[in-house]
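Please look over the structure below with its aromatic residues in mind. A short briefing follows it.

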Amino acid sequence: MTFKTVIRHNLIYIYTTSLLFISTISLSQNTPKYSEKVLNEKTIEELALMRNEILAKKGYVFTNSKYSNYFERQKWYKPASSNNTITLDANENTLVDLIKKVETKKKGIRPSKYIL
């Protein structure tokens, strides 16, 4: 699936190539609040893109060609000199963790903290 990102009024709008609206991520300091219920409505691909977009807006340099190619085409993306300098605030960490949790459930994988 190919995605298109449009930035308007400090928001990132994510669409599929068929222009089906997927999600919005704020570029402001305030990370959007998503509920697990809302995230459960997303596909695994949409969740992964949402999670990686949080990192991309911080300048994360992706080693995965799918994401590096995608984000390098975005006008707003400015890669950092090193991923070691990237930090997420508490809200961003919480959102990334929640997205990972929903992704894990959708993939049918038990989180590693529960594996004995």
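This is a predicted model: local features need pLDDT of at least 70, side-chain atom pairs count only at pLDDT 80 or more; totals for chains, interfaces and linings use all residues.

Residues are numbered from 1 along each chain as its sequence is written, and side-chain values use heavy atoms, with hydrogens and water left out.

**Aromatic pairs**
- The structure holds 8 aromatic pairs. Rings of Phe, Tyr and Trp (its six-membered ring) pair if their centres lie within 6.5 Å; planes under 30 degrees apart count as stacked, over 60 as edge-to-face and the rest as tilted.
- Tyr70 and Phe71 are edge-to-face, because their ring planes stand at 75 degrees, with the centres 4.9 Å apart.
- Phe71 also pairs edge-to-face with Trp76, at 6.1 Å centre to centre and 65 degrees between the planes.
- One aromatic cluster is formed by Tyr60, Phe62, Tyr67, Tyr70, Phe71, Trp76 and Tyr77.

**Burial**
- Buried means under 20% relative accessible area, exposed over 50%, partly exposed in between (1.4 Å probe, protein chains only).
- Phe71 has 0% relative accessibility, so Phe71 counts as buried.
- Tyr70 is buried at 5%, and Trp76 is buried at 16%.

**Gln74**
- Gln74 sits in the loop between α3 (65-72) and α4 (90-107); helices (H or I, at least four residues) and strands (E, at least two) are DSSP runs, numbered from the N terminus.
- Gln74 is buried, with 10% relative accessibility.
- The Gln74 side chain reaches the backbone oxygen of Tyr70 at 3.0 Å. A polar contact is a pair of N or O atoms within 3.5 Å; within protein, one must be able to donate a hydrogen and the other to accept it, and residues adjacent in sequence count only if both atoms are side-chain atoms.
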